[in-house]
Amino acid sequence: MRQPIALTPTQLPPDPLPVLPEQTFLPDAYRLPTGAERGASAAWSPAVVFIEVTNRCNLLCETCPRTYFTREPLKTLSFDEFVTIVDQFPALQRAVLHGIGEPLLNTKLPQMIAYLKGARWKCSSTPTAPC
């Protein structure tokens, strides 16, 4: 009989992970705060958050894994769920409304953008384009 695999680490890495040379091009909003070390968990609130407002899509792109299999149930965030997520990040500067789905299929997307802009946060979204 096979032994179950632990899904949570039993030990944290002893040393912080190094910043790789290819990571030095990132804008300041994507970088660690000065003097902070990269570890298994963050002790501060991130400034940039990626939020998948839906995992639904109206296309069947040949290069997209969603065309061939679905690993999670279809879900579109309600406005209230979106606000609950966003409000968990007090240091938020930018929200990227993007994921494996087509963000424009969420009918609450304009309301979500208005919420972010009303709080003076930057936001961006990447709709799928015809492949």
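This is a predicted model: local features need pLDDT of at least 70, side-chain atom pairs count only at pLDDT 80 or more; totals for chains, interfaces and linings use all residues.

Colleague: Then is N106 buried or exposed?

Modeller: N106 has a relative accessibility of 3%, so it counts as buried.

Colleague: Where is N106 found?

Modeller: N106 lies in the loop between β2, residues 94-97, and α3.

Colleague: Which backbone oxygens does the side chain of N106 reach?

Modeller: There are the backbone oxygen of V53, at 3.0 Å, and the backbone oxygen of L77, also at 3.0 Å.

Colleague: And which residues does N106 touch, not counting those up to four places away in sequence?

Modeller: With those set aside, N106 touches V53, T76, L77 and M112.

Colleague: Let us change topic to the helices. How do α2 and α3 pack?

Modeller: Helix α2 covers residues 79-86 and helix α3 covers residues 109-118. Their axes are 10 Å apart, at an angle of about 30°. Angles under 35 degrees count as roughly parallel, and α2 and α3 are therefore roughly parallel to each other.

Colleague: Is the crossing of α2 and α3 left-handed or right-handed?

Modeller: The crossing of these two helices, α2 and α3, is right-handed.

Colleague: Which residues meet there?

Modeller: From α2, F79, F82, V83 and V86 take part, and they meet Q111, M112, Y115 and L116 of α3. Sorted by class, the contact of α2 with α3 has seven nonpolar residues, one polar residue and no charged residues.

Methods: Residues are numbered from 1 along each chain as its sequence is written. Side-chain values use heavy atoms; hydrogens and water are left out. Axes are lines fitted to C-alpha atoms, for helices over the stretch in contact, and angles run from 0 to 180 degrees between N-to-C directions. Helices (H or I, at least four residues) and strands (E, at least two) are DSSP runs, numbered from the N terminus. Angles under 35 degrees count as roughly parallel, over 145 as roughly antiparallel, 65 to 115 as roughly perpendicular and the rest as oblique. A crossing is left-handed if the near helix is turned anticlockwise from the far one by less than a right angle, and right-handed if clockwise. Contact means heavy atoms within 4.5 Å. Ala, Val, Leu, Ile, Met, Phe, Trp, Tyr, Cys and Pro count as nonpolar, Asp, Glu, Lys and Arg as charged, and the others, Gly among them, as polar. Buried means under 20% relative accessible area, exposed over 50%, partly exposed in between (1.4 Å probe, protein chains only). A polar contact is a pair of N or O atoms within 3.5 Å; within protein, one must be able to donate a hydrogen and the other to accept it, and residues adjacent in sequence count only if both atoms are side-chain atoms.
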